[in-house]
Structure formats: structure tokens, C-alpha cells
Amino acid sequence: MSATLATLISEVEPTWTVQVLERLDRPARESSGPWNNAGTGHSALCELNYTPVDEDGCVNVAKAVEVNEQFQVSRQLWSFLVENGRIPDADAFIHPTPHMSFVWGAENVAYLRERHAILAAHPLFAGMEYSEDPIQIAAWAPLLMAGRTGDEPVAATYSVEGSDVDFGALTKLMLDSAASRGTQVSYHADVRKLQRGPDAFWWATGKKDGAKFTYRARFVFVGAGGRALTLLQKSGIPEIHGFGGFPVSGEFLRTNNPEVVARHQAKVYGKAAVGAPPMSVPHLDTRVVGGEQWLMFGPYAGFSPRYLKHGSLIDMPRAFNLRNLLPMILAGLANIPLTLYLASQLIARPKKKFKDLLDFYPDAHTRDWKKITAGQRVQVIRPEGVLQFGTELISHADGSIAGLLGASPGASTAAHVMLEVLERCFPAKWEEWQPRLREIIPTHGTALSDDPTRARAVQEHTAQVLGLRVPEVTQSPSTVIDTPSEVALAQE
């Protein structure tokens, strides 16, 4: 988020002085690091938690359309950076990776069929394929069907335009680009305090390599991941009053066995367990990190009081105060199923966790997979006591400070969120910046879903620049349900 904001400011106001302060020794060692997240370019092509079933039994796709719109903004920003030489090579951070949803059981198949029927008719999801044929699904992702008996109904959607994104590499590339245009980036700079001075400037105080530092600024953005909550609390702005945070940790299983990796070239998302948070939707993913291909499965949720992976065991107690104590208690009482789910994940034996992988990949062998610890996520607890999944932008009434709380879809929608920061915090400059912003993001200020022709053109252009794929689209998208083949799956 901070790298995206620094990038945008360097483009619209290249003469401004921008200082980025990072407490660790290099960028993206927390949530943006490639092994601290799933690397999914979140565009709702496969993520079933963005299309819940309403009380009337209908699939609601509003959130999916919103997330896809926001991801298209990110694609346009990244394309601008590549086309203008700010980022030398798109292959350094993004790779074409089909996105799939995969379910089993009659009820889940009916849900996915309806989801596809609605989304496939939408301009941003045109070209999404659907099948209930095990042979077709095996052609898309062989590991999903290998070892299945064929006595249970299955269904999948397939979107060729999906992507795998190394957000760690992207963060570094954007910071390098901003630095080449005058942005100053400091590491080992641990901000401990944010205080408003009598001159209306903000003072950021902390330590760098054991020595105290102080920076004075007209505007501050707090993009400190889970630690943003406590830093905003220290600022004293009233807008943060009542907000709390619930930390959730995660683990993944990972393999780079070439024989296994070669048989799965997709990101495949399933349905979350009952009581599981949205960030715990199980998925089996192709990953490209440092030029090497891997497969990753998870996440397995857990609990740690740390608000950052490289944080402190007293992060959560530090965030408690009289203003957010009641909201945090209310959120806990209202989310007992989540608490029970996390407890079950904490006590689950490795054999039980591996069984979750077998649901996706029945032929998996324990010898191929190793456990890794992912990043920390801090879910937002709102002042009314609601546990919120997603992100929350907090800004002071005068626009002098802003910060971001929350998690997924996070990095995928960074461009959209940082445009909102610019609009909220620099209202006097907003209109002046419009021409430049439209050069960077051609659809800025408009909705692609309102113009199918333009949506297609933008998707094709950004796909070409970023090396992604474009789906084949018929004039009238429709649901095609394949008759399940009677051929035994063992003959795959």
C-alpha cells in the first residue's frame, strides 16, 4: 500500500518530498512477502467467499464485481509502470495463471452452477468456463481428479485470465521506481510515536540503528500492516476511536517437486469450512517466486497475539483501551464459531491437516510437502462490535493523516484504495490531478462493468503489457453444463 501511494504521488506531484520509513531491513517482509500471502491477483474469478448465498437462496455477486473492478485499476497502474519503463519487466512480478473454483457434493455443484450462470453474463467475467465433466476438469487441473473414485458429483469453473502475483517483488520494484524519482526510502526505521504539533504538522518519532529520529510532515500515511492500528491510536485522531483488531496467523503446505508441480498450472479455490474466516478458504495454487515454480496449499488458520509476523507477543494487549474494549468483547461473543474453528485448527494434528489437502489432491504424498508459516492478518473490529473481513481506510477529518486496517483482498486492490487516499486527503488537488491520473489509469472515475466494449479493450491491453492471457468471448455468454463422462477416472 505504501509503495503504491509513493508511486502515485511521484507521478502526480514529482516535486513533493516523500519519505518512506520501513522498520525491517528490506521491503515486503511482512504481509506483502511472496510466502506470506497466496499471491493471487484477486479478481473474484475463483474466490467463492466473494459470492455468498443470500437469505433468499440466491447467489450475490455484488462483491465479486466490486473486487474485479478494483483489480482492473491495479492492472492499469502496473501496465503504465511497465510501458513507461518504471518497472523493467512485468515477468519479474506477475505471471499468467488460470483461476479455478472447484467443489464437490450435489449442493455445492448447484451453487457453483448458479454462480457461473450469473458471472459469465457479466462483462468482467466473460469467457469463464464451467464443467461438471470429470474428464474436462482433469484436463484443466490433473491433480484435482487423480485418485478420485468418480462416485461424487464435482464441478469447476475455469478462467484463463487469472494471475499469480509476487507482491513482494512488486513492492520493491515500485519503491525503486519512486526512489529514482526522488522518494527517500529508509530501512531499520522503527516509528514509535505519531504526534500532532502546534504548527499542525505531524511528528514521526522513532529509532533507526539505535539512534533516535524525528520527521516532520504535512501528511502521513500509516501503511504498517497489523501495526497500523496501534500507530493510529498513538496519533490520537478521533476517527480511530473504538476500532480494534483480531489477529489471525496462517500456515501453508508447499512443494517444488517438479513432477507434482508440472501437473497443476492453476490457482484452485474451494469453499471454506463452516465457521472459518474468509481468509481461510482452501486453495491449491501455482506459485512463481524467484523464477521457480511451486505449489502451495492452505491456509491453515491459527492464532497469535502478534499483529505482525515480526511483531511482539504483547501487540494485541497493547491495542486494548477503554474505547475499544467493549467492541472487542462484543465481536468475540458474536463470533464464537470462528473462535471454535481457530481452536480446532490449533490442536489439529499434521495428519488431519494433510487430509484437507487430500480433499483437493487425493494422490498427494506427505513426503512431497513441507509446512511454512505465512504472514499475520489483523481483522478489523469496528466500533459497533462487528468483526469485518476486508480493509478499512481511516483518515482524519482534515486529511492530514490516513491509515489502512484489515486484510484481503488487500494488495490486489492497492491502486484503488490509494486513489481513495488521494481523494480524501488532498481535496484541493484532486481536480488538478485528474488529467494525469487518467493517463496512468485510463478508466479512472468510470466503471468498466457499464461499458462491455471498453472493458474488453482494457483487459486486452493490460493483458498484452503484463504478459497475461485473454479469454475467448462469445457474443452471448451462457452456461454450458457437460454431461459427466462415464469413463473411469483411473483411465485419465
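What follows is a short exchange about strands, helices and selected residues in a predicted model.

Trainee: What does the twist average from one strand to the next?
Mentor: Take the sheet with the order β8-β9-β10. From one strand to the next, its twist averages 25°.

Trainee: Which residue in β9 is the bridge partner of arginine 196?
Mentor: Strand β9 covers residues 202-208, and seven bridges join it to β8 in the antiparallel sense. Within β9, arginine 196 has as its bridge partner tryptophan 202.

Trainee: Which helix packs on the sheet, touching β8 and β9?
Mentor: The helix spans residues 228-235. Its direction makes about 35° with that of β8. The name is α7.

Trainee: Is aspartate 190 buried or exposed?
Mentor: Aspartate 190 sits in strand β8. Beyond four places in sequence, it touches Arg23, Thr205, Gly206, Lys207, Phe213 and Arg227. Buried means under 20% relative accessible area. Aspartate 190 has 14%, so it is buried.

Trainee: With which side chain does the side chain of aspartate 190 make a polar contact?
Mentor: Start from strand β8, the place of aspartate 190. The distance for this side-chain pair is 2.8 Å, and the partner is arginine 192.

Trainee: How many bridges pair β14 with β15?
Mentor: β14 covers residues 283-289 and runs antiparallel to β15. The two form a hairpin with two residues between them, and glycine 290 in the turn has a positive phi of about 60°. The bridge count for β14 and β15 is seven.

Trainee: Which strand do six bridges join to β15?
Mentor: The pairing is antiparallel, and the strand spans residues 244-255. Serine 249 has glycine 302 in β15 as its bridge partner. The strand is β12.

Trainee: How many residues of β15 are buried?
Mentor: Strand β15 runs over residues 292-302 and is mostly covered. Of its eleven residues, the buried number is nine.

Trainee: What is omega for the cis peptide bond that joins glycine 298 and proline 299?
Mentor: Proline 299 lies in strand β15. The peptide bond between glycine 298 and proline 299 is cis, with omega at about -5°.

Trainee: Why is α13 oblique to α14?
Mentor: Helix α13 (residues 414-425) packs against helix α14 (residues 427-440), with their axes 7 Å apart. Angles over 145 degrees count as roughly antiparallel. α13 is oblique to α14 because of a packing angle of about 140°.

Trainee: By class, how many nonpolar residues are in the contact of α13 with α14?
Mentor: On the α13 side are Leu419, Leu422, Glu423, Arg424 and Cys425. They meet Pro427, Trp430, Trp433 and Leu437 in α14. Two residues are charged, none is polar, and the nonpolar count is seven.

Trainee: Does alanine 28 count as buried or exposed?
Mentor: Alanine 28 lies in the loop between β1 (19-21) and α2 (62-83). Its phi is positive, about 60°, although it is not a glycine. Its relative accessibility is 17%, so alanine 28 counts as buried.

Trainee: What is the relative accessibility of alanine 200?
Mentor: Alanine 200 lies in the loop between β8 and β9. It has a positive phi of about 75° and is not a glycine. It counts as partly exposed, because its relative accessibility is 40%.

Key
Residues are numbered from 1 along each chain as its sequence is written. This is a predicted model: local features need pLDDT of at least 70, side-chain atom pairs count only at pLDDT 80 or more; totals for chains, interfaces and linings use all residues. Side-chain values use heavy atoms; hydrogens and water are left out. Two strands pair if DSSP finds at least two bridges between them. Helices (H or I, at least four residues) and strands (E, at least two) are DSSP runs, numbered from the N terminus. Axes are lines fitted to C-alpha atoms, for helices over the stretch in contact, and angles run from 0 to 180 degrees between N-to-C directions. Contact means heavy atoms within 4.5 Å. Buried means under 20% relative accessible area, exposed over 50%, partly exposed in between (1.4 Å probe, protein chains only). Angles under 35 degrees count as roughly parallel, over 145 as roughly antiparallel, 65 to 115 as roughly perpendicular and the rest as oblique. Ala, Val, Leu, Ile, Met, Phe, Trp, Tyr, Cys and Pro count as nonpolar, Asp, Glu, Lys and Arg as charged, and the others, Gly among them, as polar. A polar contact is a pair of N or O atoms within 3.5 Å; within protein, one must be able to donate a hydrogen and the other to accept it, and residues adjacent in sequence count only if both atoms are side-chain atoms.
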